[in-house]
Amino acid sequence: MCDALQLPIVDLSSPDRFSTANSIRQACIDHGFFYLVNHGVDEELVNEVFEQSSKFFSLPIEEKMKVIIKNYNGYSPLFAGKLDTTLSTKGDSKEGFYVSQLAGDLNQWPLEEDLPSWRSTIETYYQLLSAGTKLLSLIALSLKLDEDFFEKVGAFNEPLAVYYIIQVDSSNEEIYGASAHSDFGMLTLLVTNGVPGLQICREKSEQPQVWEDVPSKSGAFIVNIGDMMERWTNCLFR
C-alpha cells in the first residue's frame with residue numbers, strides 16, 4: 001500500500017527570488033521533487049499537447065513506425081525499453097515520442113496530412129519551456145552560484161522533450177509503465193493529465209523500499225532532480 005506524498009510547492013512568479021531559491025534548495029534536499037506553479041505555460045496549450053499526443057499514439061503501428069526513433073528522436077514502441085533491468089518483464093508498457101532541438105533536421109515528424117497540428121503544437125510547447133531556464137537560474141541561486149551559471153556552462157544547449165502514453169491491460173502479469181529509475185539529466189519538468197501512477201522512493205538504498213504516490217496537481221509541473229544535478233551537488237540534491 002502506497003502513501004500519498006504532499007510535495008512542496010514553488011511559485012515561479014514570486015518576486016522574492018532569494019526566498020524562492022531557498023524553498024527550492026530545501027525541496028531538493030528533502031525530496032528531490034516539487035510542484036512548480038505559475039510557470040507561464042498556458043493550460044490550453046498543455047491540453048492541446050495531450051490531445052495531439054493522443055491522436056499520434058492512436059495511429060496504426062505501421063504509421064508510427066515510419067518515424068521510429070533515431071539519434072534519440074522519434075517514436076519509441078511499446079516494450080522497446082526496460083528502465084529497471086532487474087525485472088523479468090518483457091519491457092515497460094509505454095510508447096514514447098522524443099523531440100530535441102528544433103534547429104537542424106534531427107527531429108522526425110509524422111506526415112502533416114495525417115496529423116496537421118502535431119508538429120506546430122509540439123514546437124510551440126517546446127519553445128515555451130523557458131520555465132526550465134528560469135528554474136535553473138533559481139537553482140543556481142539556491143547553490144550560492146551566479147544566476148547565469150548553468151547558462152554559461154552550456155546547460156541549456158540540448159534539452160530533450162519526451163511525450164509518452166502508458167498502456168495497461170487486464171492480464172495478471174506485473175506491469176510497469178515506466179519501471180523504477182532515476183532520470184539521467186539535470187532536471188525533469190513533468191506534466192500529467194491527472195491519471196495516477198507516478199511514485200517516488202526517497203530512500204532508494206533502504207530495504208524494503210517505500211514508494212509514495214505523487215498526486216497530480218492542476219496547472220502545476222512536477223519537477224524532479226536528475227542524476228547529473230545530484231552528482232554536481234555531491235549528492236546534496238537528490
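Tutor: Burial is judged here by relative accessible area, calculated with a 1.4 Å probe on protein chains only: a residue is buried under 20%, exposed over 50%, and partly exposed in between. The model is a predicted one, in which local features need pLDDT of at least 70 and side-chain atom pairs count only at pLDDT 80 or more, while totals for chains, interfaces and linings use all residues. Residues are numbered from 1 along each chain as its sequence is written, and side-chain values use heavy atoms, with hydrogens and water left out.

The part to look at closely is a pairing of two helices. Helices (H or I, at least four residues) and strands (E, at least two) are DSSP runs, numbered from the N terminus. Helix H1, residues 17-30, and helix H5, residues 130-142, have axes that come within 8 Å and cross at roughly 80°. H1 is therefore roughly perpendicular to H5, since angles from 65 to 115 degrees count as roughly perpendicular, those under 35 as roughly parallel, those over 145 as roughly antiparallel, and the rest as oblique. The axes are lines fitted to C-alpha atoms, for helices over the stretch in contact, and the angles run from 0 to 180 degrees between N-to-C directions.

From H1, the residues Arg-17, Phe-18, Thr-20, Ala-21, Ile-24 and Arg-25 take part in this meeting, and from H5 they are Leu-135, Ser-137, Leu-138, Ile-139, Leu-141 and Ser-142, where contact means heavy atoms within 4.5 Å. Sorted by class, the residues of this contact of H1 with H5 come to 7 nonpolar, 3 polar and 2 charged; in that scheme Ala, Val, Leu, Ile, Met, Phe, Trp, Tyr, Cys and Pro count as nonpolar, Asp, Glu, Lys and Arg as charged, and the others, Gly among them, as polar.

Asn-224 is found in strand S10, which spans residues 221-225, and with a relative accessible area of 9% it is buried. Its side chain makes a polar contact with the side chain of Asp-183 at 3.2 Å. A polar contact is a pair of N or O atoms within 3.5 Å; within protein, one must be able to donate a hydrogen and the other to accept it, and residues adjacent in sequence count only if both atoms are side-chain atoms. Leaving aside residues up to four places away in sequence, Asn-224 touches Gly-32, Phe-33, Asp-183, Met-186, Leu-187 and Thr-188. Asn-107, by contrast, lies in the loop between strand S5 (94-99) and helix H4 (118-127), where a relative accessibility of 12% makes it buried. A polar atom of the side chain of Asn-107 lies 2.9 Å from the backbone nitrogen of Ser-100. Ser-117 belongs to the loop between S5 and H4 as well and is partly exposed, at 30%; although Ser-117 and Val-49 are 68 residues apart in sequence, their C-alpha atoms are 9.7 Å apart in space.

Most residues other than glycine have a negative phi, and most peptide bonds are trans. Tyr-72, which is not a glycine, has a positive phi of about 65°; this residue sits in the loop between helix H3 (61-64) and strand S4 (74-76) and, at 68% relative accessibility, counts as exposed. Asn-234 likewise has a positive phi, near 55°, in the segment after helix H7 (227-232), and with a relative accessible area of 69% Asn-234 is exposed. The peptide bond from Gln-207 to Pro-208 is cis, its omega being near -5°, and Pro-208 is placed in the loop between strand S8 (199-200) and strand S9 (212-213).

The cysteines complete the account. A disulfide is a covalent bond between the sulfur atoms of two cysteines, and the criterion applied is a pair of cysteine sulfur atoms within 2.5 Å. The structure holds 0 disulfides. For Cys-235 the closest cysteine sulfur is that of Cys-28, and the distance of 13 Å is too far for a bond. Cys-235 is exposed at 54%, whereas Cys-201 is buried at 18%.
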